[in-house]
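Let us read a protein fold step by step.

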Amino acid sequence: MNEVSDARQIARESASLALDGAAWSVTLLTDGEALANAVAPQANSLYRYLQQDQTAATPLLESLLPDIRAFAMLLASTRRHHRCSPERFADATDWLAARIVVLELSHVAVTLPELTQLDEANRRLKLLSEQLQLTLSPAAPVLLTAPEAEPGVLRGWSRQRQSGMLGTVHGMQSMLMASRLVAQQCRQRLQPFWHGLQVARRG
């Protein structure tokens with residue numbers, strides 16, 4: 001993707017997406033990846049978004065969505081590694097691709113520097129689709145106007161409404177309830193996928 005020439009087209013798509021009532025907003029606090037790859041992540045950085053934007057849907061806690069971690073590990077396992085364990089088994093691109101699949105994201109908000117990472121996440125999903133003979137849909141970018149993305153937060157849009165989306169109530173209890181409901185919904189939807197994968201690997 002050419003970041004400069006494509007920026008205007010992405011901006012136009014971002015504007016039209018905001019008017020598309022079929023796209024449901026998803027806000028994910030990426031504490032699952034932070035807990036997996038840091039010794040002691042600071043909680044303040046994970047929840048700062050709650051004070052900054054009260055218009056987004058109820059944020060979800062990635063740490064309560066185990067299928068995201070499992071899918072990130074699956075993607076990482078398909079690549080060749082050295083004999084010794086790498087410092088980080090699943091990288092940030094694996095986690096992004098996993099979020100796209102598990103939450104069925106059709107669009108992901110990115111800054112210009114993050115466009116390359118989204119392209120690579122989509123490429124890995126395509127390769128996995130070919131290996132498993134499944135359809136794993138990629139996500140299109142929605143360009144952020146901010147120079148840098150908010151750390152610890154992923155904003156996306158899904159064509160499927162998540163059952164845990166409770167509006168704009170951002171209390172901890174609402175986040176926990178929303179995350180658990182969405183985790184259950186994702187697990188039920190992905191159960192055939194995980195079962196099929198186990199059967200294929202045993203065969």
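Q: Is Leu74 buried or exposed?
A: Buried means under 20% relative accessible area, exposed means over 50%, and partly exposed lies in between (1.4 Å probe, protein chains only). Leu74 has 5% relative accessibility, so Leu74 counts as buried. This is a predicted model, where local features need pLDDT of at least 70, side-chain atom pairs count only at pLDDT 80 or more, and totals for chains, interfaces and linings use all residues. Residues are numbered from 1 along each chain as its sequence is written, and side-chain values use heavy atoms, with hydrogens and water left out.

Q: Where does Leu74 lie?
A: Helices (H or I, at least four residues) and strands (E, at least two) are DSSP runs, numbered from the N terminus. Leu74 is part of helix 4.

Q: How far is Leu74 from Leu128, C-alpha to C-alpha?
A: The two C-alpha atoms are separated by 9.5 Å. Along the chain, Leu74 and Leu128 are 54 residues apart. Leu128 is one of the buried residues of helix 6.

Q: How do I judge the span of helix 6?
A: The expected span of a helix is 1.5 Å times one less than its number of residues. Helix 6 covers residues 115-132, which is 18 residues. From first C-alpha to last it reaches 26 Å, close to the 26 Å expected.

Q: Which residues of helix 6 are buried?
A: They are Leu115, Leu118, Ala121, Asn122, Arg124, Leu125, Leu128 and Ser129.

Q: What follows helix 6?
A: Most residues other than glycine have a negative phi. Gln133 follows helix 6, and its phi is positive, near 55°. Gln133 is not a glycine. It lies in the loop between helix 6 and strand 4. At 73% relative accessibility, Gln133 counts as exposed.

Q: What is the phi of Glu104?
A: Glu104 also has a positive phi, about 55°, although it is not a glycine. Glu104 is in the loop between helix 5 and strand 3. With 29% relative accessibility, Glu104 counts as partly exposed.

Q: How many helices and strands does the protein chain have?
A: There are 7 helices and 5 strands. In sequence order the pattern is α-β-α-α-β-α-α-β-α-β-β-α. Of the 203 residues in the protein chain, 42% are buried.

Q: What is the strand order in the sheet?
A: Strands of a sheet pair through backbone hydrogen bonds, either parallel or antiparallel. Here, two strands pair if DSSP finds at least two bridges between them. The sheet is open, has 5 strands in the order 2-1-5-3-4, and shows mixed pairing. Its edge strands are strand 2 (60-61) and strand 4, and each pairs on one side only.

Q: Which bridges join strand 1 and strand 2?
A: Strand 1 (residues 24-29) and strand 2 have 2 bridges in the parallel sense. Leu29 has Leu61 in strand 2 as its bridge partner.

Q: How does strand 3 pair with strand 5 and with strand 4?
A: With strand 5 (residues 153-158), strand 3 pairs in the antiparallel sense over 3 bridges. Val108 has Gly156 as its bridge partner in strand 5. With strand 4 (residues 140-143), strand 3 pairs in the parallel sense over 4 bridges. Here His107 stands opposite Ala140. Strand 3 is mostly covered, with 6 of its 6 residues buried.

Q: What unit do strand 3, helix 6 and strand 4 make?
A: A crossover is right-handed if, with the strands pointing away from the viewer, the path from the first strand over the helix to the second runs clockwise. Strand 3, helix 6 and strand 4 form a right-handed β-α-β unit.
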